[in-house]
Amino acid sequence: VRTIDSKTFIATGVFSDSCDNLKLVHPYFCYMDTNFNILKARYYRVNGRCHIDSYYFNILKGNKYLDFGVGVYLGSFIKNGYAMCVDSTLDSVIFCKYFSRKGYCVFGQELPDGNIMLGANFDSVGACVIKLDSIGNILWCKSIVRPTGIFLSAVVNDDGTLMITGINDYL
């Protein structure tokens, strides 16, 4: 849950539209007032994924919202990292990006130039940093601790540089 203004909060999580199959869960965002009454809520069915785990979200410039975590295809046990960005009305998905490698996204933040930086952990490359433009196109992806490093968190400095924390198997 994050504060939007003195009267409104934004929250994200997962939503199941079936009591029969709790494995069908979808990412959602909702606006709430100070009494936590839901003012507007929206969930998103995304590209055949049947289960989304939303790890965290960030508020971007222009009150866009970036959600990230892991998604699973229907009928599969392979988990792929994902990031989704929606506009402030919650009605438009700006982008929803899934990555082809087994893993998950643990960090997402807007850079001073409007691009988006994701931190992820994938089975084939370890910890990596992915730079997206404002509409979700991949600009580059760099493995920073391989093959078994773990990206934990990062801080984006005012000049756009990153300070990254993580672990590797050489400690």
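Reader: Are Phe29 and Tyr44 buried or exposed?

Author: This is a predicted model, and in it both Phe29 and Tyr44 are buried. Buried here means under 20% relative accessible area. Phe9 also counts as buried, because its relative accessibility is 18%.

Reader: How are the rings of Phe29 and Tyr44 arranged?

Author: Two values decide the matter, the distance between ring centres and the angle between ring planes; planes over 60 degrees apart count as edge-to-face. The centres of Phe29 and Tyr44 are 6.4 Å apart and the planes stand at 70°, so this pair is edge-to-face. Phe29 belongs to strand β3 and Tyr44 to the loop between β4 and β5 (49-60), so the pair ties together parts 15 residues apart in sequence.

Reader: How many aromatic pairs does the structure hold, and which residues do ring pairs link into a cluster?

Author: There are 9 aromatic pairs. Ring pairs join Phe29, Tyr31, Tyr44, Phe57 and Tyr65 into a cluster. Another pair is formed by Phe9 and Phe36: with centres 5.3 Å apart and planes at 15°, the two rings are stacked. That pair links distant parts of the chain, since Phe9 sits in strand β2 (residues 8-16) and Phe36 in the loop between β3 and β4, 27 residues away.

Reader: Where are the nonpolar side chains gathered?

Author: In soluble globular proteins, nonpolar side chains tend to be buried together. Here the largest nonpolar core has 15 residues, of which Leu66, Phe95, Ile116, Leu118 and Ile130 touch the most other members. At least two core residues come from each of β6 (64-73), β7, β8, β9 (116-122) and β10 (126-132). The largest share, 4 residues, is supplied by β9. A second, separate core of 11 residues includes Phe29, Tyr65, Tyr82 and Leu90.

Reader: How many disulfides does a search of the whole structure find, and why?

Author: The search finds 0 disulfides. The test is distance: a disulfide requires cysteine sulfur atoms within 2.5 Å. The closest cysteine sulfur to that of Cys105 is in Cys128, 7.7 Å away, which is too far for a bond. For Cys128 the closest is in Cys141, at 4.1 Å, again too far for a bond. Cys105 is buried, at 0% relative accessible area, and Cys128 is buried with a value of 0% as well.

Reader: How do β10 and strand β11 pair?

Author: β10 and β11 (residues 138-145) pair in the antiparallel sense over 6 bridges, with Cys128 opposite Ser143 in β11. The two strands form a hairpin with 5 residues between them, and Gly136 in the turn has a positive phi of about 95°.

Reader: What is the overall make-up of the protein?

Author: The protein contains 0 helices and 13 strands. Of its 171 residues, 42% are buried.

Definitions and conventions
Residues are numbered from 1 along each chain as its sequence is written. This is a predicted model: local features need pLDDT of at least 70, side-chain atom pairs count only at pLDDT 80 or more; totals for chains, interfaces and linings use all residues. Side-chain values use heavy atoms; hydrogens and water are left out. Buried means under 20% relative accessible area, exposed over 50%, partly exposed in between (1.4 Å probe, protein chains only). A nonpolar core is a set of buried Ala, Val, Leu, Ile, Met, Phe, Trp, Tyr and Cys residues joined through side-chain atoms within 4.5 Å. Two strands pair if DSSP finds at least two bridges between them. Rings of Phe, Tyr and Trp (its six-membered ring) pair if their centres lie within 6.5 Å; planes under 30 degrees apart count as stacked, over 60 as edge-to-face and the rest as tilted.
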